[in-house]
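Student: I would like a close look at a single part of this model. Please keep it brisk.

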Amino acid sequence: MSDHQTTTLTIRRPDDWHLHLRDGDMLKGVLPDTSRHFARAIIMPNLVPPVVTTADAEAYRARILAALPVGDRFEPLMTLYLTEHTEAADVAHGKASGLIHAVKLYPAGATTNSHGGVRDLEKVMPVLEKMAEIGLPLCVHGEVTTPEVDIFDREAVFIETVLDPLRRRLPELKVTMEHVTTQDGVDYIKGTAKNLAGSITTHHLIINRNALLVGGIRPHYYCLPVAKREVHRQALRKAATSGDTRFFLGTDSAPHVDPLKECACGCAGIYTSVNTMSCLAHVFEQEDALHSLEAFASRNGPAWYGLPVNDETITLTRRSEPVNYPAKIETDAGPVTVFDPMFPLHWAVEETHG
Ligand SMILES: NC(=O)N[C@@H](CC(=O)O)C(=O)O
Ligand SMILES: [Zn+2]
Ligand SMILES: [Zn+2]
């Protein structure tokens with residue numbers, strides 16, 4: 001624990017390298033919570049139907065910009081949802097036009113809205129080879145879907161049986177391991193010299209699987225990959241706060257309306273856009289690593305995606321009174337519960353400098 005007296009911290013304006021904005025009423029309801037603090041975000045393509053082609057992504061980008069609050073500056077960085085029918089030429093065109101920043105691999109059935117994902121990697125090899133050639137990163141939801149594999153082991157088994165063989169076959173392909181949740185994931189990334197990086201969510205730095213299961217089943221702590229044992233959370237905290245350029249923030253803020261979370265078969269996803277920066281400052285302070293927050297939230301991601309760091313800054317202030325934030329937000333799609341870290345937050349985002 002830190003005993004120093006830091007009470008304000010100014011960092012380059014952060015970006016979110018893994019974000020679900022959804023569409024329609026939900027998009028309109030959640031976008032301001034991101035654009036308030038973040039300059040850019042990698043936008044996940046798992047809509048219904050998914051964002052598969054460059055034309056889909058162009059239209060989705062326009063809908064996001066149309067939903068942006070007046071006065072907010074925010075750049076959505078679009079991605080494509082990889083299917084077994086994706087055309088390498090369309091992907092190359094999307095990258096060349098400056099619209100597409102990554103392609104997302106969802107193993108079919110691995111997570112929310114992934115049924116149109118990839119069953120047989122062999123079928124997408126021509127697209128992956130093209131991506132390696134043009135330097136377009138592949139973002140990966142790294143979990144196997146094999147029913148025999150325990151849900152807590154699915155990330156580690158994915159690394160061994162899918163990711164490592166793929167990277168050996170195509171070493172020039174840049175891969176982002178999304179939402180790393182295990183020590184295995186951290187070690188795999190750290191053991192690699194190039195073309196591999198990992199995003200880490202806010203909530204996986206704060207909760208372990210007890211949050212989900214102790215004292216009753218708590219659907220608002222359910223996400224995929226599911227939170228793991230404490231030893232894994234500790235490994236993630238070390239990686240995120242180390243300054244290591246291969247790790248950066250991807251909140252994976254994933255809104256679902258409460259009725260779809262609080263039911264017999266609740267959706268996976270945790271909504272953290274509202275209080276992410278406060279939560280992160282808390283975690284980094286606990287780890288005595290406030291000096292590394294800028295690397296994690298504002299510098300390492302742009303370096304990986306080949307973009308400049310933001311010119312603007314944000315200032316965080318440590319207040320003696322806890323910061324107020326809503327327990328849920330109301331959207332025209334319905335209420336969405338905000339992530340509760342289960343401790344008071346004292347770091348507040350004060351202002352944005354132009
Ligand atoms: N993380 C989640 O639990 N859910 C995400 C999908 C994903 O990122 O796997 C969603 O779209 O709701
Ligand atoms: Zn995912
Ligand atoms: Zn996600």
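What unit do strand 5, helix 4 (residues 125-134) and strand 6 make?

Tutor: They make a right-handed β-α-β unit. Right-handed means that, with the strands pointing away from the viewer, the path from the first strand over the helix to the second runs clockwise. Helices (H or I, at least four residues) and strands (E, at least two) are DSSP runs, numbered from the N terminus.

Some ground rules come next. This is a predicted model, where local features need pLDDT of at least 70 and side-chain atom pairs count only at pLDDT 80 or more, while totals for chains, interfaces and linings use all residues. Residues are numbered from 1 along each chain as its sequence is written, and chains are lettered from A and ligands numbered from 1 in the order in which they are written.

Now look at strand 5 itself, residues 100-105. In this strand, 6 of the 6 residues are buried, so the rest of the structure largely encloses it. Buried means 20 or more other C-beta atoms within 10 Å of a residue's own; exposed means 12 or fewer; partly exposed is in between; C-beta atoms are placed from the backbone.

Strand 5 has a partner in strand 6 (residues 138-140), parallel to it, with 3 bridges. Two strands pair if DSSP finds at least two bridges between them. Here L105 stands opposite V140. Strand 4 (residues 75-81) also runs parallel to strand 5, joined by 4 bridges. In that pairing, V103 of strand 5 is the bridge partner of L80.

Just after helix 3, G98 takes a positive phi of about 85 degrees.

Last, step back to the whole. UniProt, in an unreviewed entry, places the feature "domain: Amidohydrolase-related" at residues 16-308. Its positions follow the numbering used here, feature names are shortened, and annotations may be inferred rather than shown by experiment. Over residues 16-308 the chain is 39% helix and 12% strand.
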